[in-house]
Amino acid sequence: MRKAKVTSILAVSLSLALFGQLSPALATTVTPAASTQATATNSISVYGVELGMSTVQLEQKLGKPARKDASHTGVEWWIYNGDLSNYIQVGIQNAKVVTLFSNGAKLNVKGVTIGAQASAIQNAWGTPKSTLAITPTLNIRDNTLSHPTYLLNKQVITFSIDQLGGNKVAGVRISTPEYFATIAMGLMYPISYTQLPAQPKLTEEQINQAARAYEKENFDLLNVARTRAKLPLLSWDEGVAAVARSHSSDMAKNNYFSHTSPSTGSPFDRLKHAGILYGYAGENIAYGQLDGIEVHMGWMNSAGHRQNLLDNKFKQLGIGVVFKEGRPYYTQNFVTR
């Protein structure tokens with residue numbers, strides 16, 4: 001059986017007010033955990049959505065989605081963001097629900113709610129098993145309450161924990177074991193396996209579509225978190241997004257990871273060069289996280305990034321995602337124009 005080590009995930013933040021720079025965070029390694037098993041026997045429902053539902057049943061339950069987003073993992077994400085307190089994105093494959101994620105304030109997963117202490121998961125679901133067989137060919141290891149995963153009736157339930165916010169539940173991802181196996185390596189879990197599913201073979205255009213989708217999903221997820229924190233929502237700024245996208249592309253093409261580019265300078269240089277006038281600005285960057293969900297949760301658990309995410313002085317946000325060899329570079333640029 002092969003073992004896959006957790007690969008370092010990089011993330012850095014930087015902020016600048018008009019008259020001075022805030023202290024930047026140091027590079028951070030985000031190491032997700034893995035596995036466990038509950039004792040209940042019935043299906044898990046989130047806002048009435050369950051794995052295995054058909055798209056017809058999904059529309060009967062929630063209506064038509066606000067968007068249908070591409071991905072690089074074999075699903076089409078149906079995005080329901082009309083009410084951020086009930087935010088959910090539902091992954092569709094072969095006209096069936098195979099995964100979903102929510103961090104909405106009204107989330108309730110068999111009595112475990114957003115904002116509940118992580119210990120409430122253990123009280124309701126039991127202690128996470130340190131090793132869990134997801135499929136006959138894949139185990140995840142080193143599972144703890146910092147990012148617990150449970151296997152229940154062919155459902156893989158992974159809770160996201162806001163460690164810096166007091167070790168509280170901040171979201172849940174539910175997947176079929178088969179779909180989870182396709183993303184396990186991307187989630188950076190410590191895993192052991194004899195065989196992993198084949199990854200989707202995508203065109204450059206499909207990869208670009210997934211990148212644009214992760215930008216918008218990351219934007220939605222942040223506004224959900226800001227709603228829970230009773231902070232003003234950010235507005236999407238396409239001009240700022242173009243600056244962020246250019247920096248992610250520069251890092252990918254020139255094989256570096258830094259706020260400071262050898263060719264374009266600092267994030268504040270890049271904003272000014274694009275003609276964006278601001279009184280307050282900041283930047284988060286990251287590399288390697290699976291998607292917009294995982295990078296959001298990683299940033300929320302890093303003090304410098306979290307400061308930018310939850311800063312009430314920011315008003316606009318642009319996000320740029322660029323893939324290189326199957327792994328994404330992320331840049332968030334925050335401004336107050």
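# Salt bridges and a helix pair

Trainee: Why does Glu215 count as buried in this predicted model?
Mentor: Glu215 has a relative accessibility of 1%. Buried means under 20%. The value falls under that limit, so Glu215 is buried.

Trainee: And what makes Arg212 partly exposed?
Mentor: Its relative accessible area is 30%. Partly exposed runs between the buried limit, 20%, and the exposed limit, 50%. Arg212 therefore belongs in that class.

Trainee: How do you know that Glu215 and Arg212 form a salt bridge?
Mentor: Their closest N and O atoms are 2.8 Å apart. The cut-off is within 4 Å, for a side-chain nitrogen of Lys or Arg and a carboxyl oxygen of Asp or Glu. The pair meets it, so the name applies.

Trainee: Why are Glu215 and Arg212 about one helical turn apart?
Mentor: Both lie in helix α4 (residues 204-228), and they are three residues apart, which means a separation of about one helical turn. Salt bridges with shared partners join Arg212, Glu215, Glu238 and Arg245 into one network.

Trainee: What makes Asp162 and Arg306 a salt bridge?
Mentor: Here the closest N and O atoms are 2.7 Å apart. That is within 4 Å, so the pair counts. Asp162 lies in strand β13 (residues 155-162) and Arg306 in helix α8 (residues 303-309), so the bridge ties together parts 144 residues apart in sequence.

Trainee: Are Asp162 and Arg306 buried or exposed?
Mentor: Asp162 has 10% relative accessibility. Arg306 has 17%. Both values are under 20%, so both residues are buried.

Trainee: How do you know that Arg173 and Asp291 form a salt bridge?
Mentor: N to O is 3.2 Å, which passes the 4 Å limit. Distant parts of the chain are linked: Arg173 is in strand β14 (residues 168-175), and Asp291 is in the loop between β17 (280-287) and α7 (292-300), 118 residues apart. Arg173 is buried at 5%, and Asp291 at 4%.

Trainee: How many salt bridges does this rule give?
Mentor: The count comes to 11.

Trainee: Which residues make the contact?
Mentor: Among them are Tyr214 and Leu221 of α4, with Ile293 and Trp299 of α7. By class, the contact has eight nonpolar, three polar and no charged residues.

Methods. Residues are numbered from 1 along each chain as its sequence is written. This is a predicted model: local features need pLDDT of at least 70, side-chain atom pairs count only at pLDDT 80 or more; totals for chains, interfaces and linings use all residues. Side-chain values use heavy atoms; hydrogens and water are left out. Helices (H or I, at least four residues) and strands (E, at least two) are DSSP runs, numbered from the N terminus. Buried means under 20% relative accessible area, exposed over 50%, partly exposed in between (1.4 Å probe, protein chains only). Contact means heavy atoms within 4.5 Å. Ala, Val, Leu, Ile, Met, Phe, Trp, Tyr, Cys and Pro count as nonpolar, Asp, Glu, Lys and Arg as charged, and the others, Gly among them, as polar.
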